[in-house]
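Visitor: I am new to this structure. Could you show me how to read its features?

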Amino acid sequence: MIGLVVGGAEGWRDDIARLEDMIGGLWPGPVLACNDVGTEIEDLDHWCTLHSEKIVQWERRRVENGLPARYETWSCSRRTPRVDHHWDEWTGGSSGLYATAVALFRLGLPKVVLCGIRMDATSNAFRPGKPWKAYDRYLRGWEQGMPQLQG
């Protein structure tokens, strides 16, 4: 089964819509969300972040949005007791890389599809109009991990 990893870049919803057009229906496999996206994506299996201090506020927003609390949380930090799984590897390349690594190396999924995970200055959908200036720093983490991610 292939996993879907969803990040918060502008257009993440459009990415999912294009993917579901290509496959002819709703995504059939596990869904992993990064950061704020977990507050808005309905069918969520795993919520991954490098920012565990924000999980409580994000979960509150998810409840306010009327979405179910059927998911597991992942973070590298042990500071927040609400996190179900603590794993401190693959932390140098954005929450998107972290979620990708969770899918592949912790959940054992053979492949993932990425939506809303742009490695450029595209704004985050939850902070519109504000370019992501740190992308180049995180891009290096993706580049370093590429030998293990390929295939």
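Visitor: Which helix gives the largest share of the lining of the largest pocket?

Guide: Rolling a probe the size of a water molecule over the atoms shows where empty space is left. In this predicted model, H3 supplies 3 residues of that lining, the largest share. Helices H2 and H3 (94-106) each contribute at least two residues.

Visitor: What volume does the largest pocket have, and which residues are closest to its centre?

Guide: Its space comes to about 610 Å³. The lining has 29 residues, and those closest to the centre are Asn 35, His 51, Asn 124, Arg 127 and Trp 132. By type, the lining divides into 11 nonpolar, 12 polar and 6 charged residues.

Visitor: Which residues of H2 are buried?

Guide: An α-helix has 3.6 residues a turn, so residues three or four places apart point the same way. In H2, the buried residues are Ile 55, Trp 58, Glu 59 and Arg 62. They span an arc of only 100° around the axis, so they sit on the same side of H2. The buried residues of H2 pack against strand E3 (46-49) and E4.

Visitor: Where does Asn 65 lie?

Guide: Asn 65 is in the loop between helix H2 (55-64) and strand E4 (72-75). Its relative accessible area is 40%, so Asn 65 counts as partly exposed. Leaving aside residues up to four places away in sequence, Asn 65 touches Thr 39 and Glu 40.

Technical notes. Residues numbered from 1 in each chain as written. Predicted model: local features only at pLDDT ≥ 70, side-chain atom pairs only at ≥ 80, totals over all residues. Heavy atoms only, no water. Helix = DSSP H or I, 4+ residues; strand = E, 2+ residues; numbered from the N terminus. Buried < 20%, exposed > 50% of the residue type's maximum accessible area, 1.4 Å probe, protein only. Contact = heavy atoms within 4.5 Å. Arc of directions from axis to C-beta. 1 Å grid on protein atoms, 1.4 Å probe; cavity = no way out; pocket = protein on both sides within 12 Å on 5 of 7 lines; lining within 4 Å. Points joined across faces, edges and corners; volume = space filled by probe spheres on them. Nonpolar A, V, L, I, M, F, W, Y, C, P; charged D, E, K, R; others polar.
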